[in-house]
Amino acid sequence: MHSKRLLFALFLQLFYSIFSSSFAQATGSAEGYPISGRVKIPSLGTKEFGLPGKVSNVKVILNGGQRVTFLRPDGYFSFHNVTAGTHLIEVAAIGYFFSPVRVDVSARNPGKIHAALTENRRGLSEFVLEPLREEVYYEIREPFSIMSIVKSPMGLMMGFMLLVVFVMPKLMENMDPEEMRRAQEEMRNQGVPSLASFLPGASSSSS
Amino acid sequence: MAMAIRDFLVLLLFLLCAHFSFSLYEDQVGLMDWHQQYIGKVKHAVFHTQKTGRKRVLVSTEENVLASLDLRHGEIFWRHALGTNDVIDGLDIALGKYVITLSSDGSILRAWNLPDGQMVWESFLPGSKASKSILNVPKNLKTDRDDLILVFGNGCLHAVSSIDGETLWKKDFAGESIDVQHLILSPHDDIIYVAGFSGSSEFFVYQFRAKNGDLLKHNDAALPCGTSGELLSVSNDMLVILDDIRSKIVTINIGNGDINHNQKYISELIEDSSGQPAILPSKLPGMFALNLDSHIILLKLTNEGELAVVDKINSVAAISDALSISEGRHAFAFVQHGDNKVHLYVKDVNANDLNGDFLKENIVIDDQRGFIEKIFINNYVRTDRSYGFRALMVMEDHSLVLVQQGETVWSREDGLAAVVDVTASELPVEKEGVSVAKVEQNLFEWLKGHMLKLKGTLMIASPEDIAAIQAMRLRSSEKSKMTRDHNGFRKLLIVLTRAGKIFALHTGDGHVVWSVLLRNLRKSEACEHPVGINIYQWQVPHHHALDENPSVLVVGRCGSNLTASAVISFIDAYTGMELNAWNLPHTIAQVIQLPYTDSKEQRLHLIIDADKKAHLHPRTPEAIEILRHGFSNVYWYSVEVDNGIIRGHALKSNCIGEVVDEYCFVFRDLWSVVFPSESEKIIATVTRKSNEVVHTQAKVMADQDVMYKYISSNLLFVANVAPKARGEIGTATPEEAWLVVYIIDTVTGRILHRMTHQGCQGPVHAVFSENWVVYHYFNLRAHRYEMSVVEVYDQSRADNKDVWKLILGKHNLTSPVSSYSRPEVIAKSQSYFFTHSVKAMEVTSTVKGITSQQLLIGTIGDQVLALDKRYLDPRRTVNPSQAEKEEGIIPLTDSLPIISQSYITHSLKVEGLRRIITVPAKLESTSLVFAYGVDLFFTRIAPSRTYDSLTEDFNYALLLITIVALVAAIFVTWVLSERKELQDKWR
């Protein structure tokens, strides 16, 4: 796995050195090099790539907070004076999930930059960052359905009651009348209180 | 049968847990959470009121926030928090539509769109030498193309176009050993003067043509004496500075291309001139202010270089810059503190004497805001064409107050942007006979509300109804009541801020219940730079002493270094009254909360000073008696980060000294762990929360096996990195980086677990709870963040599974848990990738520890993510068996999932997030979460859902209807059965 990635990186290096379509300009500064790129956020509603209204709240963060920069109206950002080495760039934007980006600033070919998304290990030929997905922070309320009422505790109670009211008599009917009578007698002997005796005024009416 | 029941239970459990994440519907926002936005202590303020429409003030703050505030109400139009290293040095408005900021020691210049805060351009101004950074946005300096912005930073002068931020020309001063102090623009002939010193007495002036940066002239002159302090420009060609012994004022005239200097003794100007004079940096045309022994002396500088005292004002708190109100007229303001009132004066600079006031107002400002530190003024034209002024004042407690027409228009509690520490306190118990009548009175309202809710559930509510429902839910007076509730959701958050002010915030809606500026955390002669460090619960009455109010202990020190002496205060948590305050004679290194309380439920605290002495508080004989009982059981540890040593301590005896102090103890070192300094550096240490409750020690595995958690409150997690990899990401290669983690017993110093992560580095964020640690670090090989979990199990109890042994009592479960028994432990560990950088990490805590836990992760995007602990379980495997699945083990994945519904901050940002704290509610399922940074955010979460109470949106109306329907059905069926029985009898 590791060697595979190495090979891939080598291949990319080769690719860049041949076509030299490197996207970073080498301004031979003594201390460091600039990293510039672009953040593209698909505007809501329309399919085409544009910039939504809230681009001003997007932050681009280098190495976990070492430096923070903001986007220009066209989505471009840049870090200046970054030392050669491997860095990490993160994009913080509410509503979108961005993969962190591994950025290799080459010391040998001054200013040459190679970027790859760390989430899916995809190399970037152009330093354009796009959200991997939109984030939905809220649960969607399910529309009203009869099932939700039925599934609720109250619904279950009702259901059970209906079951008792309509199905139980059917079951009783199937019972042997002899056995039924015996059972009833037994119940009476045990003095199981009937529903009627519970109710107010029932005693007078039943007697 | 038993099998069936078990299966059913498992199914039930599964149904309950099927929903792992915390989640929220959009209409539930604000029901149990609140969010407050702050900016911090204002450093610069620029008003923008010229145009009709929105009047605003732009501010930059000590929290590195740039914000645009509504001048009418003080609300935030927009706001940006810059990086922590990106300190804003200059702020101005260019072209009437861009806000210009200079930050990072004069190397980054940014322009922001004034209406919406969108960054328009950013330019990097390279330079090689650290120097003072100066931003100068001339009002009407035009080159061929566009308006110029002049920036001096890092030893270079840059002229930057204000339209696109391009550098038009640049002059490098790095080669010369000079210290540039001022940029002065001559308004008429487009010449820039750069003035400064070389050494302390060699003064020089460079003149440049603004259009193209041509050097016109270069002058220097040796002043007859050295200088001290800052150079101040009084007019376009006059500068003033004090000499090196602060006895003379040196005036320098750079007009006509020559340098003429003059000096005058301060004693010649002012008779009583004792004390250290200092020139105040307020820019007043033709004038300057001298601070002398708490007086302010205003001095006028005539064109001939003559100095004249204009006025002498006593006890001035702050003085503003001059404000141009019309052609050639300038005003400035100063404030004085009177008794209970603040006197604001606005005066005309150009008047010969300062008797002609534009304005003199007396304003009442809450004295808990302290002194006024800064004042910015702005004018407006009244309807009768006279000038009106408004003043923006920055107070000692970092709050911001706008004053107009003698009254406070608005104020912002921006001290809350710099919270240092938080603790929670209970509210008073509800008195009887208060609320019953209220409920009955509102019964109809209550029913109506629930009918509305029912309508909402059945989707037959009109939009107005929905709005009414939402308003009703948000406005619920129940949640902001000032009494304790049954569920323990209502509490007070006692917050200590950097300004030394304590706020009590109500957890219901976040309003400030009381606030107090601590007397001994205010600047005084005895204590020059006091800083608050921590806040502890001092007295929590619950069993006895119930008539006492709870109180908190605030610990601070006079200065930021360890050698400064300590200050402590005790504050009543109900009223905010300062009960007691002491300036302690000793220093403070550590505060240890002992597990003992006295008869008044005051917790015993040990304050450890830098001289290896422990001081006991409260200072009562009873406390000593209590401590004597547990004398040999007091252990603590200290971490010396620089030397890489961790030491364990125990109390030894009373202090020996000339003065007998029975509250003072000396201690001895029990053990020490010394890390090899050439290969390891301590970067993080974490312990368990002292008040954490663990419900069960045993953990039943899927195969009916039992594992015992190793639970000791004396465990310490230490993370060390290779010295080369101490810096940020990108400074070390994977080969030279490693992370070593330890779990150490702090009583014996025994290392229970040690593990090395090769190719990994910090920053490390960790939480320790029960028997596990979760830590977050960076893996350089994969170039991703990782999180690891370590769980420690007690092997010595592992053979307690035998039921017969348990019955016969041959088990060791009742044997005391002691660190000295050296039980055999095993540690299990697993690692996962995690996408984001982390700013803070915490774990939920509940009152009895039964509810499963969630990790709360503050991500780099200033959001808080709740992640179920079950994702960090060393027993996760790629293919869990059926039994393991039933137990709730999630199949192993290489990275931890980020489910967007489980962000507890939902679509909000806790700007500049620094820390998260959790407080258990009384309801077992629920944990209160408070996250703070520049913003504050509070919510309550139920990691396993609220299994022990009905949810907020439970429909009582539906329940009532069901009950009514059931009763009706009973009656109907009864009547029917009666009738049927009667018919049967007749037959």
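Contact here means heavy atoms within 4.5 Å. On that rule, 55 residues of chain A touch 68 residues of chain B. This is a predicted model: local features need pLDDT of at least 70, side-chain atom pairs count only at pLDDT 80 or more, and totals for chains, interfaces and linings use all residues. Residues are numbered from 1 along each chain as its sequence is written, chains are lettered from A in the order in which they are written, and side-chain values use heavy atoms, with hydrogens and water left out.

**Buried area**
- Chains A and B bury about 5,400 Å² between them, 59% of it on carbon and sulfur atoms. This is accessible area (1.4 Å probe) lost on being put together, summed over both parts.
- In chain A, Tyr138(A), Glu139(A) and Arg141(A) lose the most area to chain B, together 15% of what that side buries.

**Salt bridges**
- The two chains share 3 salt bridges (a side-chain nitrogen of Lys or Arg within 4 Å of a carboxyl oxygen of Asp or Glu).
- Lys59(A) pairs with Glu911(B) in a salt bridge, with the closest N and O atoms 2.7 Å apart.

**Cavities**
- The whole structure holds 3 cavities of 30 Å³ or more. A cavity is a set of points on a 1 Å grid over the protein atoms alone where a 1.4 Å probe fits but cannot get out.
- The largest cavity has about 110 Å³ of space, counted as the space filled by probe spheres set on the points.
- Its lining has 14 residues; Val91(A), Ala92(A), Tyr96(A), His836(B) and Gln863(B) lie nearest the centre. Lining residues have an atom within 4 Å of a point.

Definitions and conventions. Buried area = accessible area lost by both parts, 1.4 Å probe. 1 Å grid on protein atoms, 1.4 Å probe; cavity = no way out; pocket = protein on both sides within 12 Å on 5 of 7 lines; lining within 4 Å.
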